[in-house]
Amino acid sequence: MVAKKGPKGGMAAGDGDEERSRVPLQAILLADSFATLFRPITLERPKVLLPLVNARMIDYTLAWLEYSGVEEVYVFCCAHSKQVIEYLERSKWFGRSNFLVTTIVSNYATSAGEALRVIYERGVICGDFVLVSGDTVSNMPLTQMLAEHKERRKRDSYAVMTMAIQRSKSSTVTHKSRLGTDELFIAINPETNQLLYYEDKGDNLKGSFSLDNALLTANSSICIHNDRQDCFIDICSPEVLGHFIENVDYQHLRAHFVKGLLDDDGISGYKVFVHDIRSGYAARIDNLRSYDTVSKDIIQRWTYPFVPDTQFAAKSVLKHGRQGNYRASGSKISPSAAIGSCTVIGNNSTIGNFSNVTNAVIGEGCVIGSNVSIEGCYIWDRVTIEDGCKLKHAVLCDGVIVRLGAILEPGVVLSFNVIVGQNFRLPSYSKVSLFKQPIKQDSDEELEYVDDSYGTVEISSSPNSPERMEELRADYSDVGDAGAGCIWLVDNADLEEEWLHSIAPVLEDQLVEIVQNRKNPTLNSNENDTVLQQSPDLELGSSDDSDDVADDSLHFQNEVEATFLRGVHENVKEDNLIFEINALKAMHNCELIDCASALFYAMMKLALETPHSSSSELVKNVSEIITKWKKLLKCYLKTIDEEIEIILKFEEMCLEFATEYIPIFPQILHIMYDKDMLQEDAILKWASEKEEADESDKVLLKQSQKLIQWLREASEEEDE
């Protein structure tokens, strides 16, 4: 359906109420981008067509839009547009009556802003629309967010945009989220959810930022957050497109449009609001770190129903098995091969004798030889890995061949059809392509929503034409005898970003260097600004000096919990988690027992939030989490007194909010004893101290009498 264009890119003024009521829910899907974070891969294929757990990224976005009730989707294509169009025309998305997908092509758009100006000129948008990137994975329901936006529009015609955000604490060491994106600072009016401030350069803010005093005067209360993540899912009114026409210098949706509205002192009158996601999943794949994180979330089924064992992308369905594994019926695995947890094996792939594969995604038609070790890797289609190779945290694109005995260190990226020579060792963070590294950082296709540091790059009329690609094709090899591919160099100034954006875990020495680089922060503020210190959730005018100690303790607990959860979701090694927690301990001047208490709280909360339908399943959740993470917790439990503090912490949780634990309190104590987290003396001493307490404080003690009696008898037998 194509509407006549009105003064703001919406419907013409003469259209009646009846026609408006029949306007379908539309979406603009940006399939192109203009950064280079996925190079060299995106030199040959657009990011939206890259496989994500064996389905194309764009399929996740389109499946979610259909699931959310969107009826018309306009897919904007620029570079690699032919590939995108050909894929969509062959996919299940084209030719459907209830879900219309239409492509809009412009080979000369160099930013999201220019893309939206092209769409405005086409006059296809009839009313409020969803704006999303083709690298977005979500299962969040749009109903409430859409209803809030429409209701707000009825009251205030200047409410032109609603942005989705969700809770996601960034690392206090790296100032990056679990998706590898910059820490976000936002200010919101809690009564209206109006966005007042947006700054995505958290690592440069050094823990503080400035708000104009006029904002404090105009708003009775303001909430400051650095524990929210921008989902890059927006509901927009047609005026948004018109605003890009009126401001031709606007290139980026956040850096220019959103910040432009927030900084224009009310000249336009337009307002932006936020919708805080309370249920559902939403993430945009901005870099290889987020590619790794979202892949793990998909495998762990946080994105259901968009998971490998459902046919949402019309590919071969994989069978979901134990330990979070997925396997296609056509795959062949040697009986002597060891397949670890959270592994996906695609159709027609084979794994040879005595090979070990864990936490990996293997595409279709891959051949993996004998005695191969693969950990944390993403192996796309038709890849061959010969005998004796070792790969850790690497990405291998279609058609790659890794010859006998080769070793890929963490962070390696092999672009399409690269061949690594026999017994060749590729160092960490190497990026290898059949094409030479461009001297000029001309654009391929990657959209940069937030960060305008990349600027708008000049591109030729056919940036990925056969002639241009032939110019870049390498006539030499950096990857061993009979190899094919050249290694792209990383500037020393970019090493830190390379570590933080890679799929490889950040190592301890790298974290030390990052911390050293960010010491001694400085802050500049204007006389008209009020400087606010970093806080995960600060409501102005509500703080009290007498609460500072309690606030610091709670803040530390939240920081440790966020660090632990990031470790769980990203499979971070315990040694790296210990380093991060120790950094927090030093920063907050805390003791070992503070670390232990915060970690234990996070572990028990995770068990409680993990799906379960009975007390026995909750006990199982606790047992699995304690088994996996007991070594981490034991690093901070050095004495009997500290172990007693953990029991007291558990009591406090049970009685204050985690009441589901009360009936199984003795079973949990027994598990902690069996797993050597608590010593016998700690439990018995806790029981003795509790004997002197008031009756109202003995509820959990009385429940634990059988366990305590058993421990006492066992102790007496040992003494005899």
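Me: Are D398 and R45 buried or exposed?
Reply: Both D398 and R45 are buried in this predicted model. The cut-off behind that word is under 20% relative accessible area.

Me: Thanks! What do D398 and R45 form with each other, and how far apart are the closest N and O atoms?
Reply: They form a salt bridge, with 2.8 Å between the closest N and O atoms. D398 sits in the loop between β29 (395-396) and β30 (401-402), while R45 sits in the loop between β1 (26-30) and β2 (51-52), so the pair ties together parts that are 353 residues apart in sequence.

Me: How many salt bridges does the structure hold?
Reply: There are 24 salt bridges. One of them joins the side chains of R254 and D234, again at 2.8 Å from N to O. This pair links distant parts of the chain, 20 residues apart: R254 belongs to helix α9 (residues 253-263) and D234 to strand β13 (residues 228-236). R254 and D234 are buried as well.

Me: And which residue meets E375 in a salt bridge?
Reply: That is K392, with 3.9 Å from N to O. The two lie 17 residues apart, E375 in strand β25 (residues 373-375) and K392 in strand β28 (residues 390-392). Check the accessibility here too: E375 is at 27%, so E375 counts as partly exposed. K392, at 29% relative accessibility, also counts as partly exposed.

Me: Which residues are linked in a network of salt bridges?
Reply: Look for K47, D135, R284 and D286, which are linked in such a network.

Me: Let's turn to helices. Which residues of helix α19 are buried?
Reply: The general idea first: an α-helix has 3.6 residues a turn, so residues three or four places apart point the same way. In α19 (residues 665-674), the buried residues are F665, P666, I668, L669, I671 and M672. After α19 comes D676, whose phi is positive, near 65°.

Me: Now sheets, please. In what order do the nine strands of the open sheet run?
Reply: In general, strands of a sheet pair through backbone hydrogen bonds, either parallel or antiparallel. Here the order is β16-β17-β20-β23-β26-β29-β32-β35-β36, and the pairing is mixed. β16 (319-320) and β36 (486-488) stand at the edges with a single partner strand each, so one side of each has no neighbour in the sheet.

Me: In what sense do β35 and β36 pair?
Reply: Strand β35 (residues 431-433) pairs with β36 in the antiparallel sense, over three bridges.

Technical notes
Residues numbered from 1 in each chain as written. Predicted model: local features only at pLDDT ≥ 70, side-chain atom pairs only at ≥ 80, totals over all residues. Heavy atoms only, no water. Salt bridge = Lys/Arg side-chain N within 4 Å of Asp/Glu carboxyl O. Helix = DSSP H or I, 4+ residues; strand = E, 2+ residues; numbered from the N terminus. Buried < 20%, exposed > 50% of the residue type's maximum accessible area, 1.4 Å probe, protein only. Pairing = 2+ DSSP bridges.
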